[in-house]
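The following paragraphs lead the reader through one protein chain, from its surface and overall fold to selected details. Please keep the sequence and the structure in view while reading.

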Amino acid sequence: MFVGVHQTRAPAHGKRLAGLLILVVLITGCSVNGEETTMNASSSQVSLDAVSWMAGYWVGEHNGTHIEEIWLPPAGGLMVGLHRDVLPSGRSFFEYLRIEATGDTLVYVASPMGRTPTRFPARLIESRRVLFENPDHDFPQRIEYRLDDQGRLQAAASGREGDTDRKLQWTWEKQPFPGD
C-alpha cells in the first residue's frame with residue numbers, strides 16, 4: 001500500500017534546524033579516525049555499498065590448501081558469495097554466503113556445506129573492514145573481513161569453541177574470474 005507524504009514549506013530557520021539535526025545524526029552515527037570512517041552498524045545510513053570492496057574473485061593458498069572466495073557486487077539488496085577450500089587430498093569444503101541489507105543493518109548469512117544458514121548481524125563497519133557477530137552461535141561467533149594496504153582480502157572466523165579460543169584466517173589476492 002502506498003502512503004503519500006504531505007510536504008509544507010519550512011521557514012529558513014526551520015531548514016537550518018533540519019540541516020543541523022541531519023548533521024548531528026551523521027556525526028553521532030559515524031566517527032572519523034584518520035582516513036577511516038567508522039559507522040555504527042545499526043545506523044540507518046548503512047547500505048551494501050559500505051562492503052562493495054569485497055566484490056570479486058579472490059584466490060589464495062594456505063598450507064597446501066587452495067582457498068577461494070567469490071563475491072558478486074551489491075544488487076537487489078544483497079551480495080552473494082561462495083567460499084571453497086580444496087585440500088591437498090583433493091577433498092573440499094564449501095560455504096554459501098550472502099550479505100543482505102536488513103532493516104537498518106547488514107547481515108552476513110553463512111550456510112556451510114549447504115546446511116541451515118546462520119545469521120551474523122554487522123557490529124562494526126569501516127571503509128575497509130566489517131565485523132559480523134552472533135554471540136549465540138557455537139563457532140564462530142565473529143566473522144571479520146578487511147581489505148589490507150596491498151589490496152588483499154583477509155577474513156577471520158573466531159570465538160570460543162568449548163573452553164578454547166579459536167581463530168581461522170584466510171588471505172586472498174584478487175584475480176580475474178576463471179574463463180575471462
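The accessible surface of the chain amounts to about 11400 Å², and carbon and sulfur atoms account for 54% of this area. The model is predicted, and every value in this text is computed from it. Of the 180 residues in the chain, 35% count as buried.

The secondary structure consists of 1 helix and 12 strands. Along the sequence, the pattern reads α-β-β-β-β-β-β-β-β-β-β-β-β. Contacts can also be sorted by separation in sequence: among those between residues at least 6 apart, 32% join residues at least 24 apart.

The next topic is empty space. Rolling a probe the size of a water molecule over the atoms shows where such space is left. The largest pocket of this model has a volume of about 660 Å³. Its lining comprises 30 residues, and the closest to the pocket centre are F93, E95, A157, L168 and W170. Several strands give two or more residues each to this lining, namely β4 (65-71), β5 (78-86), β6 (92-102), β7 (105-112), β8 (118-126), β10 (142-147), β11 (153-161) and β12 (164-175). Which element gives the most to the lining of the largest pocket? Strand β12 does, with 5 residues. Sorted by class, the lining of the largest pocket has 17 nonpolar, 6 polar and 7 charged residues.

Strand β5 also holds D85. This residue counts as buried, because its relative accessibility of 13% lies under the limit of 20%. Leaving aside residues up to four places away in sequence, D85 touches T65, H66, I67, R91, S92, F93 and W170.

A pair of aromatic rings is described by the distance of the centres and the angle of the planes. A search of the whole structure finds 8 aromatic pairs. One of them is formed by Y57 and F177, with 5.3 Å from centre to centre and 70° between the planes, an edge-to-face arrangement. Y57 belongs to strand β3 (residues 56-62) and F177 to the segment after β12, so this pair ties together parts of the chain that are 120 residues apart in sequence. Are the two partners buried or exposed? Y57 is buried, with a relative accessible area of 11%, whereas F177 is partly exposed, with a value of 41%.

The rings of F94 and Y96 provide another example. Their centres are 5.2 Å apart and their planes meet at 65°, so this pair is edge-to-face. F94 is partly exposed, with a relative accessible area of 26%, and Y96 is partly exposed, with 46%. Elsewhere, W71, Y108, F120, F132 and Y145 form one aromatic cluster.

Both F94 and Y96 are touched by G114, when residues up to four places away in sequence are not counted. G114 lies in the loop between β7 and β8 and is partly exposed, with a relative accessible area of 42%. Although G114 and F94 are 20 residues apart along the chain, their C-alpha atoms are separated by 7.9 Å.

The loop between β7 and β8 also contains M113. The phi angle of M113 is positive, about 55°, although this residue is not a glycine. M113 counts as partly exposed, at 34% relative accessibility. Where else does a residue other than glycine have a positive phi value? N63 is such a residue, with phi near 50°. N63 is placed in the loop between β3 and β4, and N63 counts as exposed because its relative accessible area of 69% is over the limit of 50%.

One further detail of the backbone concerns a peptide bond. F139 and P140 are joined by a cis peptide bond, with omega at about -5°. P140 lies in the loop between β9 (129-133) and β10.

Note on methods. Residues are numbered from 1 along each chain as its sequence is written. This is a predicted model: local features need pLDDT of at least 70, side-chain atom pairs count only at pLDDT 80 or more; totals for chains, interfaces and linings use all residues. Side-chain values use heavy atoms; hydrogens and water are left out. On a 1 Å grid over the protein atoms alone, a cavity is a set of points where a 1.4 Å probe fits but cannot get out, and a pocket is an open set with protein on both sides within 12 Å along at least five of seven lines; lining residues have an atom within 4 Å of a point. Grid points are joined across faces, edges and corners, and a volume is the space filled by probe spheres set on the points. Helices (H or I, at least four residues) and strands (E, at least two) are DSSP runs, numbered from the N terminus. Ala, Val, Leu, Ile, Met, Phe, Trp, Tyr, Cys and Pro count as nonpolar, Asp, Glu, Lys and Arg as charged, and the others, Gly among them, as polar. Rings of Phe, Tyr and Trp (its six-membered ring) pair if their centres lie within 6.5 Å; planes under 30 degrees apart count as stacked, over 60 as edge-to-face and the rest as tilted. Buried means under 20% relative accessible area, exposed over 50%, partly exposed in between (1.4 Å probe, protein chains only). Contact means heavy atoms within 4.5 Å. Accessible areas come from the Shrake-Rupley method with a 1.4 Å probe; for residues, only the protein chains shown count as cover.
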